[in-house]
Amino acid sequence: MHTHAGHGHGRDDGGHGDEGQRHGGHGHGGHGHGGHDHEDVDWDAMAALLEREAELRIPFVEEALAWLRGLLLEGGCGPDTVRRLLDVGSGPGVFTALLARTFPQAEVVAVDGEQGLLERARDRAAREGVARNTTTQEARLPDDFGTLGSADLIWTSNVIHHIGDQQAALDALAASVRPGGLLVVVERGLSPRYLPRDIGIGRPGLLARLEAANEERFTAMREALAGHTPVVEDWPAMLARAGLAPAGTRTFLTDLPAPLEPAARSHLRDRLERARDTLGEWLTPEDTRVLNALLDDEAPTGILHRHDAFYLTATTVHAGRR
């Protein structure tokens, strides 16, 4: 399995990374349920979508990085002492560039299993003026955990839940954290809300039903992963079992009120289209009809034209200290 990750990658489904619909129905985010394998995800085709989604979440990452700088100071390993940083599951590198800007003295390594996404990460680093301290490394996870090398800070967003044995994945990453350093895991939160409960068509509560369907898909995805090992997803406790001292957990909001800008509307359209195409077996015919109405770009009911569309989600970040 490889992981792209999703950070920015990492879909913003809040709950699991936007994923539930994320990758069309395959492995990673896509909460590729239904037993599809990660191998059938065309990450190159997904790249523009992943970038747009990550760009919506830049404010949350900036807040999270400010918090992490404070944690490093508390642990006696000041931000300026960070020399090597891994973005594991970097995707197209939106968050990698933020990390490189926040820690300009560090070598920041974008780690991903897809060369096309790593190329985008390099291009973004160049555009944003951080190519000097940004490098890339191709790695297929979990097989290549041992090739990553040590780091003062490891950031991984919505990646671990795509690995069958999540505890073993944390154990492997924790072993790469240098003394005083941090392993930062972005997992779960609250799924996005972006429409009123009653949108004037269909039965009220559409988003709640989509979220329930997505949870079923996510469970099926997890169960189909190689080496799937059930675990209570208590992330601080899991970090402790990996030999780290839990350093803190915080949840950050992404709050974009109505009326939304075009980029956010386009992301919601992508999200709804993935929901229609990948949650089919869990949806009622009426909900499918409503999704089709929301995807009608010519109708006032379409998500691209609705004045009541907003975007609100919460992303949870867990940190463990070596």
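User: Where is Pro 259 found?

Analyst: Pro 259 is found in the loop between β6 and α8 (262-278). Helices and strands here are DSSP runs numbered from the N terminus, a helix (H or I) having at least four residues and a strand (E) at least two. The model is a predicted one, in which local features need pLDDT of at least 70 and side-chain atom pairs count only at pLDDT 80 or more, while totals for chains, interfaces and linings use all residues. Residues are numbered from 1 along each chain as its sequence is written, and side-chain values use heavy atoms, with hydrogens and water left out.

User: What joins Ala 258 and Pro 259?

Analyst: Ala 258 and Pro 259 are joined by a cis peptide bond, with omega at about -5 degrees. A cis peptide bond also joins Leu 141 and Pro 142, where omega is about 10 degrees; Pro 142 lies in the loop between β3 and β4. Most peptide bonds are trans, and most residues other than glycine have a negative phi.

User: Which value of phi does Asn 158 have?

Analyst: Asn 158 is not a glycine, yet its phi is positive, at about 55 degrees. This residue lies in the loop between β4 and α5 (166-174). Arg 188, in strand β5, likewise has a positive phi, near 65 degrees, without being a glycine.

User: Why is Asn 158 called buried?

Analyst: Buried means under 20% relative accessible area, exposed means over 50%, and partly exposed lies in between (1.4 Å probe, protein chains only). Asn 158 has a relative accessible area of 2%, and therefore Asn 158 is buried.

User: Why does Arg 188 count as partly exposed?

Analyst: The relative accessibility of Arg 188 is 27%, so Arg 188 counts as partly exposed.

User: What makes Val 82 count as buried?

Analyst: Val 82 counts as buried because its relative accessibility is 0%. The residue is found in the loop between α2 and β1. With a contact defined as heavy atoms within 4.5 Å, Val 82 touches Leu 72, Phe 103, Gln 105, Ala 106, Asp 152 and Leu 153, residues up to four places away in sequence not being counted. The C-alpha atoms of Val 82 and Asp 152 are separated by 5.5 Å, although the two are 70 residues apart along the chain.

User: How do you know that β1 is mostly covered?

Analyst: Five of the five residues of β1 are buried. On one side these are Arg 84, Leu 86 and Val 88, and on the other Leu 85 and Asp 87, so that both faces are covered.

User: Which strands are the edge strands?

Analyst: The sheet is open, has seven strands in the order β3-β2-β1-β4-β5-β7-β6, and shows mixed pairing. The edge strands are β3 (134-138) and β6 (245-256), as each pairs on one side only. Two strands pair if DSSP finds at least two bridges between them.

User: How many bridges join β1 to β2?

Analyst: Five bridges join β1 to β2 (residues 107-112), and the two strands run parallel. Strand β1 (residues 84-88) also runs parallel to β4 (residues 151-157), to which four bridges join it. Val 88 has Val 111 as its bridge partner in β2 and stands opposite Thr 156 in β4.
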